[in-house]
Amino acid sequence: MNSDMYKINACIFDLDGVVVDTAKYHYLAWKRLAKELGFDFTIEANERLKGISRLDSLNILLEIGGIVLSADEKEKLAEKKNQWYLEYINKMQPDEILPGVKNFIKELKSKGIRIGLGSASKNAKLILNQLEIIDLFEVIADGTRVLKAKPDPEIFLLAAKDLNVDPHQCIVFEDAEAGIEAANRGGFTSVGVGDPKILCKAKAVIPNFIGMTLDKMTGLIG
Ligand code: G6P
Ligand code: MG
């Protein structure tokens, strides 16, 4: 497909790892939980938790630790982890927005491109408020609104529906493998933000948003 044929109507941004680096806070909270349960949780293993839901993350963590628990016990541990995570989130400042992303979104909006958020996080609105950027997003599809977590495309399809756009005319920005798969399965153009080795299934991969413009982006995916 060439750039003449490809018309971008909307962009959907994942939150954690794309707009803000909350992965480090998730990691600290999961590590603390693992420690309490008697095993170590490494930064490498944390990569597996990116983009997936809280409960799916806990299941992977417990699998790493070789621990089997009831649904009730899991619920309590997930809540405990979230309380620790919130302690970090509540201290976040607007300067933690990842470089370039705010300017890029503003440029897109000035050119009539619609902007949505597609995040598995149930804390998405809290984080956007904390960063003072909630008004940049016309539509927020988050973990409180869907049943199926990434790599299922439900969250992005919901954002596209709310934005009233066709997935084929919409870019999804994602830092996680599960998110790229979700975007691809939903018929979106996927752009990875981060490591091209991890995000090899994305249509294009950028290291970050520094200096990114609509023209450059169209060139990358065209
Ligand atoms: C994002 C993160 C995941 C996290 C998920 C749920 O997708 O990348 O690491 O598990 O959100 O976040 P929550 O804030 O609801 O625990
Ligand atoms: Mg992410």
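Residues are termed buried under 20% relative accessible area, exposed over 50% and partly exposed in between (1.4 Å probe, protein chains only). These legends describe a predicted model, in which local features need pLDDT of at least 70, side-chain atom pairs count only at pLDDT 80 or more, and totals for chains, interfaces and linings use all residues. Residues are numbered from 1 along each chain as its sequence is written, chains are lettered from A and ligands numbered from 1 in the order in which they are written, and side-chain values use heavy atoms, with hydrogens and water left out.

View 1. Cysteine 200 counts as exposed, its relative accessible area being 57%. Cysteine 170, in contrast, is buried, at 0% relative accessibility. A disulfide is a covalent bond between the sulfur atoms of two cysteines; here the criterion is a pair of cysteine sulfur atoms within 2.5 Å. The whole structure contains zero disulfides by this search. For cysteine 170, the nearest cysteine sulfur belongs to cysteine 11, 6.7 Å away.

**View 2. The nonpolar cores.** A nonpolar core is a set of buried Ala, Val, Leu, Ile, Met, Phe, Trp, Tyr and Cys residues joined through side-chain atoms within 4.5 Å. The largest such core comprises 56 residues, and those with the most contacts inside it are Cys11, Phe13, Phe137, Phe173, Phe209 and Met217. Helix 1 (residues 23–37) gives the most to this core, contributing six residues; helices (H or I, at least four residues) and strands (E, at least two) are DSSP runs numbered from the N terminus.

**View 3. Surroundings of cysteine 11.** Contact is taken as heavy atoms within 4.5 Å. Leaving aside residues up to four places away in sequence, cysteine 11 touches Leu108, Ile113, Arg114, Ile115, Gly116, Ile171 and Phe173.

**View 4. The magnesium ion (ligand 2).** Donors are N, O and S atoms within 2.8 Å of the metal (3.2 Å for Na, K and Ca); water is not among the atoms, so sites may look incomplete. Asp14 (OD), Asp16 (O) and Asp175 (OD) coordinate the ion at 2.0 to 2.1 Å. Along the sequence, these donor residues follow the spacing D-x1-D-x158-D. Aspartate 14 is buried, at a relative accessible area of 4%, and aspartate 16 is likewise classed as buried, at 16%.

**View 5. Surroundings of ligand 1.** A residue is near a molecule or strand if one of its heavy atoms lies within 4 Å of it. There are 14 residues around ligand 1, of which Ile52, Arg54, Ser121, Lys122 and Asn123 come nearest. A polar backbone atom of isoleucine 52 lies 2.7 Å from an oxygen atom of the ligand. For lysine 122, a backbone N or O atom is 2.7 Å from an oxygen atom of ligand 1. Arginine 54 places a side-chain N or O atom 2.8 Å from an oxygen atom of ligand 1.

View 6. The lysine 150 to proline 151 peptide bond is cis, with omega near 20°; proline 151 belongs to the loop between strand 3 (139–141) and helix 7 (154–163). Glutamate 132, although not a glycine, has a positive phi of about 60°. Glutamate 132 lies in the loop between helix 6 (124–130) and strand 3 and is exposed, at 61% relative accessibility. Asparagine 164 also has a positive phi, near 60°. This asparagine 164 occupies the loop between helix 7 and strand 4 (170–174) and is exposed, with a relative accessible area of 70%.

Terms used: Polar contact = N/O pair within 3.5 Å; in protein donor to acceptor, adjacent residues only side chain to side chain.
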